[in-house]
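Here is a short note for a colleague who is new to this structure. Please read the points with the model open.

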Amino acid sequence: MIVHGASQTDVPLTLLDATPISLDPANLPEYALRTTLRMLAAMVASLVFTFIYATLAAKSRRAEMVLIPILDILQSVPILGFLTFTVVFFMNLFPGRVLGAELASVFAIFTSQAWNMTFSMYQSLRNVPKDLDEASKSFHLSWWRRFWRLDVPFAMPGLVWNAMMSMSGGWFFVVASEAITVGDTTVTLPGVGAYVATAIKDQNLPAVGYAVLTMLAVIIIYDQLLFRPIVAWADKFRFEQTASAEAPSSWLLDLFRQTRFLRAFAGAVSDVVESTTRIRLPAPNLSKLKFQLNVPARLVDAIWITVIFGGALLIGWRVVAYVFATLNWSDVLTAFTDGFYTLIRVVVLIALATLIWVPIGVWIGLRPSIAEKVQPLAQFLAAFPANILFPAAVVLIIHFQLNPNIWLSPLMILGTQWYILFNVVAGASAFPGDLKEAAQSFHLTGWKWWRFVILPGVFPYYITGAITASGGSWNAAIVAEVASWGDQKLTAVGLGSYIANATEAGDFHRVVLGIVVMCIFVTLFNRLLWRPLYGFAESRLRLG
């Protein structure tokens with residue numbers, strides 16, 4: 001199936017026009033295969049990006065000063081903004097071939113998957129227990145071997161759950177990523193997203209239902225064949241001194257462990273991976289270089305900060321010059337005012353999602369047998385295209401004469417609240433069993449158990465989920481603050497509607513202004529709230 005799907009990416013673009021998207025349900029298996037391959041390719045790219053980007057940010061203080069603010073900005077940029085700048089590049093790599101459009105689609109899905117995985121691994125690397133860090137130094141592990149023997153295993157439980165969330169969240173963007181527009185030409189790639197877009201355009205509700213059922217089937221398949229085995233396998237990386245009382249299981253993993261041929265095959269793959277991790281790659285001796293140059297560390301920091309500040313000023317000056325070519329300060333004030341309305345919505349919605357999903361996530365994460373049953377359901381709910389519910393929300397708001405400024409707000413959190421749930425489940429699943437036993441020995445129950453045991457244990461994971469959910473909510477505001485059904489259109493005052501209306505009017509100066517203001521709000525929100533909480537988790541709540 002993989003070979004068949006991959007072979008379809010090297011056909012001429014003209015073949016897509018000859019075979020337009022059909023709403024015949026018989027085509028859905030082929031479309032599902034194509035979409036799943038794009039999402040898996042994006043997942044591999046996201047994993048490689050996560051390993052490199054998160055490690056640099058966590059290990060280098062100077063790199064962190066640049067990489068984390070950039071990551072804050074990247075997660076706040078609308079996904080269609082990436083497509084605007086990357087489609088032409090990928091299409092020119094393979095002119096006249098479907099592969100160029102496929103790569104553009106994969107990149108769009110990548111931008112919906114990579115950021116929360118990167119935040120998850122960054123949080124894990126910053127919270128590696130000190131005793132494990134000292135043990136790696138005692139064994140004189142090279143940076144390469146330490147990465148595969150300590151950093152990746154310790155980050156694995158949270159990374160697996162965030163990968164599941166990324167795979168599910170990618171379904172929300174396949175509609176946009178499978179319809180590639182280049183100038184006046186639109187390239188529609190075969191896939192479930194294109195099928196949904198065609199069904200909505202034709203107002204074919206049965207076809208939408210077939211697509212949703214197909215998504216559910218695909219989610220169950222890759223839950224059973226991919227994620228559940230990985231969750232069961234990754235349980236051995238939990239940081240604890242006692243055996244887990246109830247370990248997650250997977251029939252596929254048991255099959256590999258109990259079947260002689262599959263066990264031999266897995267062993268051969270393991271030997272290859274193990275030999276790769278044993279390679280001793282020399283690390284640059286920065287301390288020796290610093291000694292030879294005789295440059296004080298403070299001077300290096302000052303030069304580095306000056307370079308960053310100068311680059312930021314240059315970029316800011318270019319943006320200001322572009323915006324003020326046609327706009328004035330009153331337009332800037334309007335954008336910031338609308339931004340405060342959206343900020344209030346984001347804060348309220350994140351607080352409500354926290355109150356709802358943190359207790360539920362803890363309850364699920366501490367019970368592996370329950371987590372196995374809830375896992376595919378949570379993935380499906382996270383993958384369900386929230387924009388399908390927008391027309392129903394418009395009809396209800398108009399029918400009951402509700403205030404759009406209030407009742408359009410929940411649409412912002414529909415697709416992003418799951419980041420909180422998945423990360424809290426990951427934190428509760430990775431919570432050491434010996435600490436749970438210690439809490440039982442001290443008879444900690446009720447609020448004391450929540451306050452002194454489990455909430456501190458899942459807090460670093462919760463911060464990762466809340467950061468991603470917050471950034472995603474700002475992004476979702478662009479479609480949530482302007483919802484329509486037929487000729488009926490509702491608009492809520494906010495930065496999302498500001499950008500959406502400017503995009504519809506073709507006013508690119510206001511679009512750029514809106515996106516810049518959104519990036520400023522997201523970055524300041526993260527700097528003033530989430531980063532201090534990150535620091536608190538690192539200094540007070542780490543395991544060792």
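**Notes on the model**

1. Start with Ser 142. Its relative accessibility is 11%, so Ser 142 counts as buried, the cut-off being under 20%. Please keep in mind that this is a predicted model. Ser 142 sits in the loop that links helix 7 (130–138) to helix 8 (143–170). Setting aside residues up to four places away in sequence, Ser 142 touches Ile 279 and Arg 280.

2. Now the chain as a whole. The protein chain has 24 helices and four strands. Its length is 544 residues, and 49% of them count as buried. Take the contacts between residues at least 6 apart in sequence: 80% of these join residues at least 24 apart.

3. Next, the nonpolar cores. In soluble globular proteins, nonpolar side chains tend to be buried together. Here the largest nonpolar core has 124 residues. Met 121, Trp 171 and Tyr 462 have the most contacts inside this core. Which helix gives the largest share of this core? Helix 22 (residues 446–480) does, with 14 residues. A second, separate core holds eleven residues, including Leu 16, Phe 90, Val 98 and Ala 104.

4. Beyond residues up to four places away in sequence, Met 121 touches Thr 50, Phe 51, Ala 54 and Thr 55, among others. Its list of partners also includes Phe 147, Val 152, Ala 155 and Leu 159.

5. Glu 178 deserves a paragraph. Is Glu 178 buried or exposed? Its relative accessible area is 0%, so Glu 178 is buried. Glu 178 lies in the loop between helix 9 (174–177) and strand 1 (179–182). Its side chain makes a polar contact of 2.7 Å with the side chain of Thr 35. The side chain of Glu 178 also reaches the backbone nitrogen of Gly 193, at 2.9 Å. With neighbours within four places in sequence left aside, the contacts of Glu 178 include Arg 38, Ser 105, Val 187, Thr 188 and Leu 189. Gly 191, Val 192 and Ala 194 are also among them.

6. Helix 10 (residues 192–201) comes next. This helix is mostly covered, with seven of its ten residues buried. Those buried are Val 192, Gly 193, Ala 194, Tyr 195, Val 196, Thr 198 and Ala 199. After helix 10 comes Gln 203, whose phi is positive, near 55 degrees.

7. Consider one helix pair. Two packed helices are described by the angle between their axes and the distance between the axes. The axes of helix 16 (residues 329–365) and helix 23 (residues 495–505) come within 7 Å and cross at roughly 130 degrees. That angle is why helix 16 is oblique to helix 23. Asp 331, Thr 334, Ala 335, Asp 338, Gly 339 and Thr 342 come from helix 16, and they meet Leu 495, Gly 496 and Tyr 498 of helix 23. By type, the residues of this contact are three nonpolar, four polar and two charged.

8. Finish with Phe 536. This residue is found in helix 24 (residues 508–540). Phe 536 counts as partly exposed because its relative accessibility is 38%. Apart from neighbours within four places in sequence, Phe 536 is in contact with Phe 459 and Leu 541. Phe 536 and Phe 459 are 77 residues apart along the chain, and 9.8 Å separates their C-alpha atoms.

How values were computed: Residues are numbered from 1 along each chain as its sequence is written. This is a predicted model: local features need pLDDT of at least 70, side-chain atom pairs count only at pLDDT 80 or more; totals for chains, interfaces and linings use all residues. Side-chain values use heavy atoms; hydrogens and water are left out. Helices (H or I, at least four residues) and strands (E, at least two) are DSSP runs, numbered from the N terminus. Buried means under 20% relative accessible area, exposed over 50%, partly exposed in between (1.4 Å probe, protein chains only). A polar contact is a pair of N or O atoms within 3.5 Å; within protein, one must be able to donate a hydrogen and the other to accept it, and residues adjacent in sequence count only if both atoms are side-chain atoms. Contact means heavy atoms within 4.5 Å. Axes are lines fitted to C-alpha atoms, for helices over the stretch in contact, and angles run from 0 to 180 degrees between N-to-C directions. Angles under 35 degrees count as roughly parallel, over 145 as roughly antiparallel, 65 to 115 as roughly perpendicular and the rest as oblique. Ala, Val, Leu, Ile, Met, Phe, Trp, Tyr, Cys and Pro count as nonpolar, Asp, Glu, Lys and Arg as charged, and the others, Gly among them, as polar. A nonpolar core is a set of buried Ala, Val, Leu, Ile, Met, Phe, Trp, Tyr and Cys residues joined through side-chain atoms within 4.5 Å.
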